[in-house]
Amino acid sequence: MLIMALALTLTANAQFEKGKKYVGASLTGLNLSYRGMDDLSLGLQANGGYFLLDNIMATADLDYQGRGKDIPDVLSIGVGGRYYILQNGIFLGANVKFVHSNKNYNDVMPGVEVGYAFFINRFVTVEPALYYQQSFKDHSNYSTVGLKVGVGVYF
């Protein structure tokens, strides 16, 4: 078990190097996010990234959030970054998103996340993360705390 754990750590180390690329997809909400206006929140997120330096990745995100009842669906686009701590797969992220809905709702939402990149093999990860998005338009109704589970590919 110790040798296997060491091998996983060394494999993860190689994936967070300068010049590596990343693509991923996440299922967000899972009815585990909370916003003042929602009963149900389920979303899809696609993201990509590039390691500018070892352990530091610049990211771009495209999100779609389906809302419950009378609340309109939301589309957002954003940029951000991740820092991988000690090459062990734990990451801290920060981003800013432009959020748009077809019901005359636009917002700029900075956010933070903490997660873990669990390597299934040398390239593919399962990435659970906790996130927070702060609304500038209406904090109590639009700011979001949630859980997302994603799959990432490092190459």
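I start with N55, which sits in the loop between β2 and β3 (56-67). Helices here are DSSP runs of H or I with at least four residues, strands are runs of E with at least two, and both are numbered from the N terminus. This is a predicted model, in which local features need pLDDT of at least 70, side-chain atom pairs count only at pLDDT 80 or more, and totals for chains, interfaces and linings use all residues. Residues are numbered from 1 along each chain as its sequence is written, and side-chain values use heavy atoms, with hydrogens and water left out.

N55 has a phi near 75 degrees, a positive value in a residue other than glycine. Is N55 buried or exposed? N55 is buried, because its relative accessible area is 13%; buried means under 20%, exposed over 50%, and partly exposed in between, with a 1.4 Å probe and protein chains only.

Next, G49. This residue belongs to strand β2 (residues 41-53). G49 is also buried, as its relative accessible area is 13%. Which residues does G49 touch, apart from its neighbours within four places in sequence? They are K20, K21, Y22, M57, A58 and T59, where contact means heavy atoms within 4.5 Å. G81 lies 32 residues from G49 in sequence, and their C-alpha atoms are 8.3 Å apart.

Now the whole protein. There are two helices and nine strands, in the order α-β-β-β-β-β-β-β-β-α-β from the N terminus. Of the 155 residues, 41% are buried. Among contacts with a separation of 6 or more, 51% join residues 24 or more positions apart.
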